[in-house]
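Me: I have a chain to read and would like a guide. Can we take it feature by feature?

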Amino acid sequence: MDRELNGAMRSVSINSAQQNGHNNGVGGGTDETDRVGVARGGVIEAVLSASKTTNAAATAAAAATAAAADTTNAATKLTTHSPQQIALLSAVEKKKMVHELCQQLLLTDEQVQELCYRILHELRRGLAKDTNPKANVKCFVTYVQDLPNGNERGKFLALDLGGTNFRVLLIHLQENNDFQMESRIYAIPQHIMIGSGQQLFDHIAECLSNFMSEHNVYKERLPLGFTFSFPLRQLGLTKGLLETWTKGFNCAGVVNEDVVQLLKDAIARRGDVQIDVCAILNDTTGTLMSCAWKNHNCKIGLIVGTGANACYMERVEEAELFVNEDPRKKHVLINTEWGAFGDNGALDFVRTEFDRDIDVHSINPGKQTFEKMISGMYMGELVRLVLVKMTQAGILFNGQDSEVLNTRGLFFTKYVSEIEADEPGNFTNCRLVLEELGLTNATDGDCANVRYICECVSKRAAHLVSAGIATLINKMDEPTVTVGIDGSVYRFHPKFHNLMVEKISQLVKPGITFDLMLSEDGSGRGAALVAAVACREDILNSKK
């Protein structure tokens, strides 16, 4: 862990606990996790400043110690009482034990404050030329400097490659923020996924050609935006080198090569269609662009789905790795890749035994620490691990587990959303989920405890994301910012939006307003919009 954490960040004022009157409705009342949180830590009352600092790290550590003490009380009972004895305790006593054991999953205001400091510190390390090579949060330059202004018109292609299938889209941007979109999904056969790079891109070019023919644009010259959801070292808006293959791909001759050029070469080998590849991007950039077309205040893009990432508009002087060739342009879009935040130990003060279990059994131990505490790939498994511990202790289900409950990966993240969608006092969804897990004799007390565990895990995820977003908003320091968001967790979890609004409201500077906006097809429409903006700028430059 860098020693700088306890010094360099202390001079930064980035937080206020005041509610700043955002135009966001925080729906629903408080849940059990709210009551526990209030008991543990009061509201932060003022913006921290260099002249009046009380060492947030020490405060956060003290809060963590207090939470650990609560957890220890329950843990002591687990060691001094057998599961059979615990199973005989009253529903009230079991509920108390569940709440004590879940203390470690609830972040105090002081801990969230410290998270903001650490996130800002890691962002600055990623942006600075000297520290970037060793930074975990890489802050990749995307070379996108212009956002949609609503005046983009015409037909554009988008290619979305990120898995065993890929999409081709034809998007016609029209007046009044209206558009028409047609798309088709194409499979990538297994032999091509592990064949040569030329085979892969020839296959893509053939599908592009077929798509253009089917949609009667075969003879037109069209711009294309390329969403490429693999690790990419971007060297320009239309130049990016593949760092490594993931997701089952292993095409020879592509790593360390420019994938845009490989696509162009494949299109040229066919010689039957005219496509201008105008930009390469990832899905986070596409999310921001898709929202910015309708809302010109959108300056941050966020993904909270299977993975977790954010991008934002940064001042060019802050992005030391970016060479700005146009002095009139003051900003550049930065892809933070903040899923790796904490890989250096910066999150250890809020990680739990369950987080460590997730990491040890993952395909990438020690990597993507922040993402593993937030994203849909891991949220359900976190809940399952808590349920297993409490069931084995005799607190839940009278100590009766099931084969499904004890199997890794079988408590799906969608179950968390379904359970929390039940109205207070109603456990219809919860019982359906438990039945799928082979747990058919759950009491109402069991169901209430299961829901509480889900609330703790999802609330922590929302608060971790909110700390990151509030840090970006405060760093940008603009009066109004819209955050464009996509991903299954944000889209489908019934409380995630409201949890984020409430926490970000506490963390942003006084006078700043923000809005959270659900994105529509960032990897598709967003890619076309990056191409459209690039074409718009090319036209403007040609007229000078």
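Me: What should I know about the model before starting?
Reply: This is a predicted model, in which local features need pLDDT of at least 70, side-chain atom pairs count only at pLDDT 80 or more, and totals for chains, interfaces and linings use all residues. Residues are numbered from 1 along each chain as its sequence is written, and side-chain values use heavy atoms, with hydrogens and water left out.

Me: How many helices and strands does the protein chain have?
Reply: Both are DSSP runs, numbered from the N terminus: helices are H or I with at least four residues, strands E with at least two. Here the protein chain has 18 helices and 13 strands.

Me: What share of the residues is buried?
Reply: Buried means under 20% relative accessible area, exposed over 50%, and partly exposed in between (1.4 Å probe, protein chains only). Of the 544 residues in the protein chain, 56% are buried.

Me: In what order do the strands of the open sheet run?
Reply: Strands of a sheet pair through backbone hydrogen bonds, either parallel or antiparallel. Two strands count as paired if DSSP finds at least two bridges between them. The open sheet has 6 strands, ordered β1-β11-β10-β9-β12-β13, with mixed pairing. β1 and β13 (513-518) are the edge strands, each pairing on one side only.

Me: Which helix packs on the sheet?
Reply: Contact means heavy atoms within 4.5 Å. Axes are lines fitted to C-alpha atoms, for helices over the stretch in contact; angles run from 0 to 180 degrees between N-to-C directions. Helix α17 (residues 496-507) packs on the sheet and touches β9 (298-304), β12 (480-486) and β13. The direction of α17 makes about 165° with that of β13.

Me: Why is β11 described as largely enclosed?
Reply: Strand β11 (residues 331-335) has 4 of its 5 residues buried, so the rest of the structure largely encloses it. Strand β1 (residues 140-141) pairs with β11 in the antiparallel sense over 2 bridges. V141 stands opposite I334, and F140 opposite N335. Strand β10 (residues 308-315) also pairs with β11 in the antiparallel sense, over 5 bridges. There, C311 stands opposite N335.

Me: At what angle do α12 and α15 cross?
Reply: Helix α12 (residues 376-392) and helix α15 (residues 444-476) cross at roughly 140°, their axes coming within 10 Å. That makes α12 oblique to α15. Angles under 35 degrees count as roughly parallel, over 145 as roughly antiparallel, 65 to 115 as roughly perpendicular and the rest as oblique.

Me: Which residues meet there?
Reply: Among them, M379, L382 and V383 in α12 meet residues of α15 including V450, I453 and C454.
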